[in-house]
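Please take a look at the model below. A short report on its local features goes with it.

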Amino acid sequence: MPELPEVETIRRNLNTVLQNEVIESVNVYYWPIVSNNLDFETKLKGQRIHQVERQAKYLKFILDDYMLISHLRMEGKYFINAPRSKHIHVVFNLESGHTLSYEDTRKFGRFELVDIKEKDTYLKDKKNLAPDPVDMDLDTFYDAFKHRKITIKEILLDQTVIGGIGNIYANEILYLSKIHPAKKGNLITKKEADTLLKNSIKVLNKAIQMGGTTIDTYESLGHKGMFQQELHVHGQTGKTCQYGHDTIVKFQLKGRGTYICPSCQPSYVVAITGGIATGKSTVSQYLKKLGFVVIDADSIVGELYEDEDIVKKIAKTFELELPLDKAKLANIIFNQPAERKKLEHILHPLVFEQIQAKKETYNEHILFLDIPLLFEAGYSTYDESVLIDASRDNQVMRLMKRNRYTKKEASVRIDAQMPLSEKRKLATVVIENNDSIESLYEKIDKLLERYV
Ligand SMILES: [Zn+2]
């Protein structure tokens, strides 16, 4: 399907041969291709082609009294002096003796003839067509989608938001902008919108320079495009990304072939954290039940303790015997903050590494990360954080009931953590869990509306 660069290439080629030609007569062989077909052949007779312009994926033939709009859709093509064939549906006979033929194997293309007075307004007013990226200002672009909960890829393909971008270029633009295609419009920052707009212009201009992209059948007056040699992700499944990351993967997004580098275009990560007995694990389990991917930092720590080399390193650091006595280790780090730091120094970088590795194995556009020590550990590779909060009384009560701690033991545990008052200041969203479990689920459901 020709997108902006292909249509622009066609426009340039047509202009070199058609400028100032006069239409002697027109033959339409398949009428449904002409949208408002009344007097189409009569009106065009004797009209001079001043030039061919373009807006998004539409060609605009500027004539004396009319503007002829041509939308190529899937397979529309132009040929000069081509012999008649069954796929040629419209022929323009020119006074110079040349002919311009419109061929369309799928018959999806359309012609529309409008008054020349509507030259600059028709597509905007009647088709609600947005400007090309190069004519778009950031505020207009961002305002058009900042509250919309559809994917950014659908937004880029929406011709009423931004003109001229189709599937191939949307894949390329999102890759260069390092944005996951399924990220929702309402989660895109203005800075990301700016990057998207700049990359749209960059990608489209480069493609125009290369004469467009020829993957299926596109050609312009017999010339094939060369941009297919410049594609980073589109059609590149299994190849290594230009930054040396993993292989490019393909998946379907709203029925369109979508290509990404999972490293360059990470999922949107929501980190769930809390304090001891605030209900974070309940939230994690609920999210898993709803079918979301939840990466669990505690189970990663558990896996690390299965690793012989790591266990040896820990034993050596704390002068403990093997097999490692976990209760003894817990006792050391619980009572001596300096010792705890030593353990964290060993474990945290490994946990971060494992989180990253796990993140890259999913194509989900949204991932939850259950990470109790989010703020304490200084982990920063996430988009938003959700703090599951509870009153101190509730924490104490739950610890006494769940862990059979005395009130004093419960207090000691709570006081050993970073205070919830501090975590509240750092979290993007705070969810209070002081009532029933149903009320907690309701709050989570409401939170999820933001992401899905
Ligand atoms: Zn990459």
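Predicted model: local features only at pLDDT ≥ 70, side-chain atom pairs only at ≥ 80, totals over all residues.

Residues are numbered from 1 along each chain as its sequence is written, and side-chain values use heavy atoms, with hydrogens and water left out.

## The zinc site

Which residues coordinate the zinc ion? The donors are Cys241 (SG), His245 (ND1), Cys261 (SG) and Cys264 (SG), at 2.2 to 2.3 Å. Donors are N, O and S atoms within 2.8 Å of the metal (3.2 Å for Na, K and Ca); water is not among the atoms, so sites may look incomplete.

The site is tetrahedral, with angles of 94 to 118 degrees among the 4 donor atoms. The ideal angle for four tetrahedral donors is 109.5 degrees.

Along the sequence, the donor residues are spaced C-x3-H-x15-C-x2-C. Histidine 245 lies in the loop between H7 and strand E9 (249–253), and cysteine 261 in the loop between strand E10 (256–260) and strand E11 (268–274), so this pair ties together parts that are 16 residues apart in sequence. Helices (H or I, at least four residues) and strands (E, at least two) are DSSP runs, numbered from the N terminus.

Is cysteine 261 buried or exposed? Cysteine 261 is buried, at 0% relative accessibility. Buried means under 20% relative accessible area, exposed over 50%, and partly exposed in between (1.4 Å probe, protein chains only). Cysteine 264 is also buried, at 5%. Histidine 245 is partly exposed, at 31%.

Disulfides are another matter. A search of the whole structure finds 0 of them, where a disulfide is a pair of cysteine sulfur atoms within 2.5 Å.

Start with helix H9 (residues 297–304). Its buried residues are Ala297, Ile300 and Leu304. They cover an arc of only 55 degrees around the axis, which puts them on the same side of H9. The arc is that of the directions from the helix axis to the C-beta atoms. An α-helix has 3.6 residues a turn, so residues three or four places apart point the same way.

What covers the buried residues of H9? The cover includes strand E12 (294–296), helix H10 (308–317), helix H12 (337–359) and strand E13 (366–370). The N-terminal end of H9 is capped by aspartate 296, with a side-chain oxygen 3.0 Å from the backbone nitrogen of aspartate 298.

Helix H4 (residues 138–145) has Phe141, Tyr142 and Phe145 buried. They cover an arc of only 90 degrees around the axis, which puts them on the same side of H4. Their cover includes helix H5 (152–157) and helix H7 (190–209).

## Backbone details

A cis peptide bond joins leucine 322 and proline 323, with omega about -5 degrees. Proline 323 is in the loop between H10 and helix H11 (326–335).

## Single residues

Serine 385 sits in strand E14 (residues 384–389). At 0% relative accessibility, serine 385 counts as buried. Not counting residues up to four places away in sequence, serine 385 touches Ala271, Leu374, Phe375, Leu426, Ala427, Thr428 and Val429. Contact means heavy atoms within 4.5 Å.

Leucine 157 belongs to helix H5. Leaving aside neighbours within four places in sequence, leucine 157 is in contact with Ile165, Gly166, Asn167, Ala170 and Arg256. The C-alpha atoms of leucine 157 and glutamate 442 are separated by 34 Å, and these residues are 285 apart along the chain.

Threonine 406 lies in the loop between helix H14 (392–402) and helix H15 (407–415). Threonine 406 is partly exposed, with a relative accessible area of 42%. Its C-alpha atom is separated by 8.8 Å from that of valine 396, 10 residues apart along the chain.

Notes:
Polar contact = N/O pair within 3.5 Å; in protein donor to acceptor, adjacent residues only side chain to side chain. Tetrahedral: all angles 85-135°; square planar, octahedral: opposite > 155°, others 65-115°.
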